[in-house]
Each structure stands twice: as structure tokens, then as C-alpha cells.
Amino acid sequence: MLTNKPYFTLRLEMSSCSYTVMLNGAAIEQDLRDQPLSIEMPINHWLRTGENGISINLYPPEEDQPISSACDCTLTLQVRPSGTDSRQNKVISILHYSGELAQKGIGTGKSTSAGKYSSVDGFIKKPDGDVIVSNVKIAPAPEDYGQTFTQTVTLTTPFPEWAFFSSDALPDLYAMSDQEYDHYHAEVYKQYEHIQNALKRKDIDSILPLFEERSRETDIAYYHEKGRTIKKLEESLKAAVSNPNYELAELKRSFLMIDFGFVNRKMERLKRRNGTAIGFGFTHTTGSENYDLIFRRQNGKWIITR
């Protein structure tokens, strides 16, 4: 199953938690308002052959307080054959945290136990299994505010190693002075500003090549025919800039913050407090059309990778 067009997903079940979920150091979901969540996310484009880190940062209500005893979260790594529905999912591993159980010293006690599991036998535990699951490791969150829980799953995928894994290491945001952060923020902002200006001009053709890596790797990750993803993006962007009921959201540096969730220091993203940096608002009704852009840097050049 792991090499014949697998479709990997991560199921998130959250209750009374403030969190950031990360996969291989990339922030893929976040909520700081303790809202309940039940969602299944496709993750082929984040996985690699070898070790994969599944992590969650959990935050207390206030600094110097414990994580809420009501917090309960489950991250379930699953796989099924591509093209089938979720009823075909097989569970590879579970990372679970319970605030109630934490008070008894067993907060992650319901997580998958460390060991080897066989992908050809329904992921049962076997001495010669081809999937290795680690114990859950607990550490202070990067911002020294909350805790990080990490489970490492070692497995085989049919994908090449995605380009972001070998990107240039980006600066440590937590070690920056205010002046250094401002300079770096301006550098990242320029990448978004270039795209924003093209959208203002309705000049989609000039920026499509910037999405080549993201589109090509998405095609590979989800077994699409070559060129499908960038074609759909072209259609979406051209429709958006031509729609009289869409209004391009204003882009200003003061509106945007760097996403501190990328602890792998391989990618960077700017975001608004409640959404993506670039998007269109609906002029006659509530809603928006958003475009999430994640950059990496290689030899000094910024590249849209996700």
C-alpha cells in the first residue's frame, strides 16, 4: 500500500486546545481560540521516504500556566489507495494528548506505542515491520510558551524528496533583533508584493512561472497528469482578476506577520491575522478567495514551494 499510489492523510480531532500542528517542521493547521475541530487533511506533499515528524504545539491559556485539563487532541496518520474514499483508511499511527490524563502523568498514554509495524498486514506490530513509530517526545515549544509533542514515523513513499527538504536554512526568527526582523520581513514581503502588483495589472502570465515548483510537485504527490495543477491555478487566477464581484485585498506590510510555525527553518510565509496574505474579497456578500503562498530560499533566490 505504501508504494502503489498511497493517499496519506492526517486526521485532526481537537477539543478545548490552542495549538499549532506541524508535519516535518511545517505548520499545516493552527488555532489559538480553543475551537473544536474535526478534519482530515491530505499530506502527500509534506511526506518523505524516511523519518517524518508529526508534532503539535499546545499552548496554555496564559504564560506560566499549565495546558488546560480540558484539552484533548488526536492526530491520526492514515493511508488508503488513491482514488478510494475514507472508508478504506488504514491507521498508521496515533499521537494523542489528554489534559485530564496529563494530571495523572500519562498525557500521551493513548498514543501508538513505539515499535515496528507491517504495512502489508494492516499496520499490526511485527518484529520485521517496515514502518517504525517512535515514542512521543515532549519539549518546550519554540516560543518557550507551551509544549511540543512529537512522534516520528519512518516509512517508505513513492515520492521523490521534495525540494524544500534541501533548501537553504533560513534565519532563526526567535534570535533576531527588532531591526533584523524588520529587514527580513521586508525581504519576504517583496516576494508577495511582486505577485500582488501583477494581479492588479491582471497580468497572470508573467507570474505563472513562479508557481512551477509548487505545481509540479503537487502533480507528482497526487498522481495528476503533468501540468494539471498549474493549469487550474491559471484558470482560477484569471477568473478572479476578471470577476467584477471580486476585489483584490489590499496588501501592506503592516497587515502581515511572518508565520513562526515553520520550525524546520526551510520555509517562510506571510499571513494576515485571519487569513492569507493574498486574496480577493467578495464585494456583494461575505466570503473570500484566498491564495496561500509558502516560499523557500535556494542560493539566495526565493521560490514558491507550497
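1. Helices (H or I, at least four residues) and strands (E, at least two) are DSSP runs, numbered from the N terminus.

2. Before going on, please keep in mind that this is a predicted model: local features need pLDDT of at least 70, side-chain atom pairs count only at pLDDT 80 or more, and totals for chains, interfaces and linings use all residues. Residues are numbered from 1 along each chain as its sequence is written, and side-chain values use heavy atoms, with hydrogens and water left out.

3. Back to the sheet: three strands make it up, open and antiparallel, in the order β13-β17-β18. Because β13 (246-248) and β18 (288-291) are at the edges with a single partner strand each, one side of each has no neighbour in the sheet.

4. Two helices meet these strands. Helix α2 (residues 178-201) lies across β13 and β17, at about 40 degrees to β17. Helix α4 (residues 228-242) packs on the sheet and touches β13, β17 and β18, its direction making about 135 degrees with that of β18. Contact means heavy atoms within 4.5 Å; axes are lines fitted to C-alpha atoms, for helices over the stretch in contact, and angles run from 0 to 180 degrees between N-to-C directions.

5. The largest nonpolar core has 44 residues, and I56 and L58 have the most contacts inside it. Strands that each supply at least two residues of this core include β1 (6-15), β5 (50-59) and β12 (147-155). A second, separate core of 30 residues includes L170, L173, Y192 and A198. Such a core is a set of buried Ala, Val, Leu, Ile, Met, Phe, Trp, Tyr and Cys residues joined through side-chain atoms within 4.5 Å, where buried means under 20% relative accessible area (1.4 Å probe, protein chains only).

6. What does I56 touch, not counting residues up to four places away in sequence? Among its contacts are M14, Y19, V21, C73, L75, L95 and F149.

7. Do look at the hairpin too. β19 (residues 295-298) and β20 (residues 301-304) pair in the antiparallel sense over four bridges, with F295 opposite I304. Two residues lie between the strands, and N299 in the turn has a positive phi of about 50 degrees.

8. Finally, R48 lies over the face of F165, at 3.9 Å from the ring centre, and R306 over the face of W46, at 5.6 Å. The criterion is NZ of Lys or CZ of Arg within 6 Å of the ring centre and within 35 degrees of the ring normal.

Technical notes:
Buried < 20%, exposed > 50% of the residue type's maximum accessible area, 1.4 Å probe, protein only. Pairing = 2+ DSSP bridges.
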